[in-house]
Amino acid sequence: MAKLSKATGKSGAADGTCGEHVCPMGGLLETLTRPWTLHILWALSHNGPTRFGALRRNVAGISSRVLTERLRALEEKGFLYRDYKPTIPPEVTYGLTKRVKDIQKVLADLGRLAQKWQMEDAPSERVAAKIPARIVANSASSAIQAAR
């Protein structure tokens, strides 16, 4: 557990320190918890190397500007690589590095947890929409298969 800072009275974990040392979790969590980051990593882990436009479509709701910022930050941290081909138009493909392959099990576990919680929440959504259970189960199964 991080010690309290005498100057601020706050835990050192927020500023990336564990006591007197730099906390390795601080930097990792700072990178992974930025908005859209896990979604981008998830999309790349399921789709393999992906061009910018396809990645933007796979991460619904993200703007081109934010996607570009996140991709640059993830490339700088060594989480992904950028393959640029000077064609017309330029072809830029992003893919995961070995560093992210080390955490793919964690991403897969989070994916399974999200699916489990979605299925647990589905009965209340079915009641509100008056949708038969078999239809919800079939669509959830199709979504799981599509994600693989």
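Of the 148 residues in this chain, 24% count as buried. The model is predicted. The chain holds 7 helices and 5 strands. Its exposed surface comes to about 10,400 Å², and carbon and sulfur atoms supply 57% of that area.

**Overall layout**

- Along the sequence, the elements follow the pattern β-β-α-α-β-α-α-β-β-α-α-α.
- Take the contacts in the chain with a separation of 6 or more: residues 24 or more positions apart account for 40% of them.

**The sheet**

- Three strands, in the order E3-E5-E4, form an open sheet. The pairing is antiparallel.
- Strand E3 (50-51) and E4 are the edge strands, and each pairs on one side only.
- Helix H2 packs on this sheet and touches E3, E4 and E5. The direction of H2 makes about 95° with that of E5.
- Strands of a sheet pair through backbone hydrogen bonds, either parallel or antiparallel.

**The E4–E5 hairpin**

- E4 and E5 pair in the antiparallel sense over 6 bridges.
- A hairpin of 5 residues joins E4 to E5.
- Two residue pairs show how the strands line up. Leu80 stands opposite Leu96 in E5. Arg82 has Tyr94 in E5 as its bridge partner.
- The loop between strand E4 (80-85) and E5 contains Pro89. The peptide bond from Ile88 to Pro89 is cis, with omega near -10°.

**Thr93, a residue of E5**

- Thr93 is found in strand E5.
- Is Thr93 buried or exposed? Its relative accessibility is 12%, so Thr93 counts as buried; the cut-off for buried is under 20%.
- Which residues are in contact with Thr93, leaving aside its neighbours within four places in sequence? They are Pro49, Thr50, Arg51, Tyr81, Arg82 and Asp83.
- In a regular strand the side chains alternate between the two faces of the sheet.

**The nonpolar core**

- The largest nonpolar core has 20 residues. Those with the most contacts inside it are Ile40, Leu41, Leu44, Leu55, Leu71 and Phe79.
- Which elements give two or more residues to this core? They are helix H2 (37-47), helix H4 (64-76) and strand E5 (91-96).
- Leu71 is one of the residues with the most contacts inside the core. Leaving aside neighbours within four places in sequence, Leu71 is in contact with Ile40, Phe52, Leu55, Leu80 and Tyr94.

- Helix H1 covers residues 24-32. Gly26, Thr31 and Leu32 are buried in H1.
- What covers the buried residues of H1? The cover includes H2 and H4.
- Trp36 sits in the loop between H1 and H2. Phi of Trp36 is near 80°, a positive value in a residue other than glycine.
- Why does Trp36 count as partly exposed? Its relative accessible area is 30%, and partly exposed lies between under 20% for buried and over 50% for exposed.

Conventions
Residues are numbered from 1 along each chain as its sequence is written. This is a predicted model: local features need pLDDT of at least 70, side-chain atom pairs count only at pLDDT 80 or more; totals for chains, interfaces and linings use all residues. Side-chain values use heavy atoms; hydrogens and water are left out. A nonpolar core is a set of buried Ala, Val, Leu, Ile, Met, Phe, Trp, Tyr and Cys residues joined through side-chain atoms within 4.5 Å. Buried means under 20% relative accessible area, exposed over 50%, partly exposed in between (1.4 Å probe, protein chains only). Helices (H or I, at least four residues) and strands (E, at least two) are DSSP runs, numbered from the N terminus. Contact means heavy atoms within 4.5 Å. Accessible areas come from the Shrake-Rupley method with a 1.4 Å probe; for residues, only the protein chains shown count as cover. Two strands pair if DSSP finds at least two bridges between them. Axes are lines fitted to C-alpha atoms, for helices over the stretch in contact, and angles run from 0 to 180 degrees between N-to-C directions.
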